[in-house]
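Here is a short briefing on one structure. Please keep the sequence and the model side by side while reading.

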Amino acid sequence: MSVTGNVERGSIVWFNHHPTRGHEQNGYRASIVISDGIIDPTLNQIALTVPVTTQIMGHTFELHVPPGIETPGTHVLPQQNQFPELTGVVLINNIRTFDLAARNAIVIGRVDPESEFFEGIIDRVMAIISYPEDDEGKWDD
């Protein structure tokens, strides 16, 4: 099992999210790597990701994918899974780590980590996991 392509911050990777539980995203789909690539390549091929779906539901944690993010790597996928650019929404609340090698992930494109879109992803993820600051700018205990 391996990862096809170079995984880095902003990589768009295609892999099977199954098995899952409850309302987690399931099946083959694109996800965006938000960690600085593979977290620790000496141990495993784990990366922190957020999934992309074309099933737009209008939920609070959806962030629309802007037009123009190309996915040239989909040419290696089966015909029914090929798409020229990323579309849909990023599901911020489905942030998750995956062992990309164990899931035979394929890098199919990349989001510029300095883009407004990627920074929007990170801002929303941080809003979910951050502690609020007190009035003096120190973290609450």
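The buried residues of helix H1 are covered by parts that include S2, strand S3 (46-53), strand S4 (62-64) and strand S5 (89-91). This is a predicted model. The points below go from the helix to the strands, then to the aromatic pairs and a pocket.

**Helix H1**
- H1 spans residues 116-129, 14 residues in total.
- From first C-alpha to last, H1 reaches 20 Å, close to the 20 Å expected at 1.5 Å a residue.
- Its buried residues are Phe-117, Phe-118, Gly-120, Ile-121, Ile-122 and Val-125.
- Residues three or four places apart in an α-helix point the same way, because there are 3.6 residues a turn.

**Strand S3 and its partners**
- S3 is mostly covered, with 6 of its 8 residues buried.
- S2 and S3 run antiparallel and are joined by 3 bridges. Ser-31 has Pro-51 of S3 as its bridge partner.
- S3 and S6 also run antiparallel, joined by 4 bridges. Here Thr-49 is partnered by Arg-96 in S6.
- S3 and S5 are antiparallel too, with 2 bridges between them. The partner of Val-52 in S5 is Val-90.

**Strands S1 and S7**
- S1 and S7 pair in the antiparallel sense over 4 bridges.
- Trp-14 has Ile-106 of S7 as its bridge partner.

**Aromatic pairs**
- How many aromatic pairs does the count give? It comes to 3.
- Why is the pair of Trp-14 and Tyr-28 called stacked? The ring centres are 6.4 Å apart and the planes lie at 20°, so the pair falls within the 6.5 Å limit and under the 30 degrees set for stacking.
- This pair links distant parts of the chain: Trp-14 sits in strand S1 (residues 11-16) and Tyr-28 in strand S2 (residues 28-33), 14 residues apart.
- Trp-14 is buried, because its relative accessible area of 9% is under the 20% cut-off.
- The rings of Phe-15 and Phe-98 have centres 4.8 Å apart and planes at 65°, so this pair is edge-to-face. The angle is over the 60 degrees that this class needs.
- Phe-15 belongs to strand S1 and Phe-98 to strand S6 (residues 96-99), so the pair ties together parts 83 residues apart in sequence.
- Phe-15 counts as buried at 0% relative accessibility. Phe-98 counts as buried at 4%.
- Trp-14, Tyr-28 and Phe-83 form one aromatic cluster.

**Second largest pocket**
- The second largest pocket has a volume of about 170 Å³.
- The aromatic cluster residues Trp-14, Tyr-28 and Phe-83 are among the residues that line this pocket.
- Other lining residues include Arg-29, Ala-30, Val-52, Thr-53 and Thr-54. Glu-85, Leu-86 and Thr-87 also belong to the lining.
- Which strands each supply at least two residues of the lining? They are S2 and S3.
- S2 gives the most to the lining, with 3 residues.

Notes:
Residues numbered from 1 in each chain as written. Predicted model: local features only at pLDDT ≥ 70, side-chain atom pairs only at ≥ 80, totals over all residues. Heavy atoms only, no water. Phe/Tyr/Trp six-rings, centres within 6.5 Å; stacked < 30°, edge-to-face > 60°. Buried < 20%, exposed > 50% of the residue type's maximum accessible area, 1.4 Å probe, protein only. Expected span 1.5 Å × (residues − 1). Contact = heavy atoms within 4.5 Å. Pairing = 2+ DSSP bridges. 1 Å grid on protein atoms, 1.4 Å probe; cavity = no way out; pocket = protein on both sides within 12 Å on 5 of 7 lines; lining within 4 Å. Points joined across faces, edges and corners; volume = space filled by probe spheres on them.
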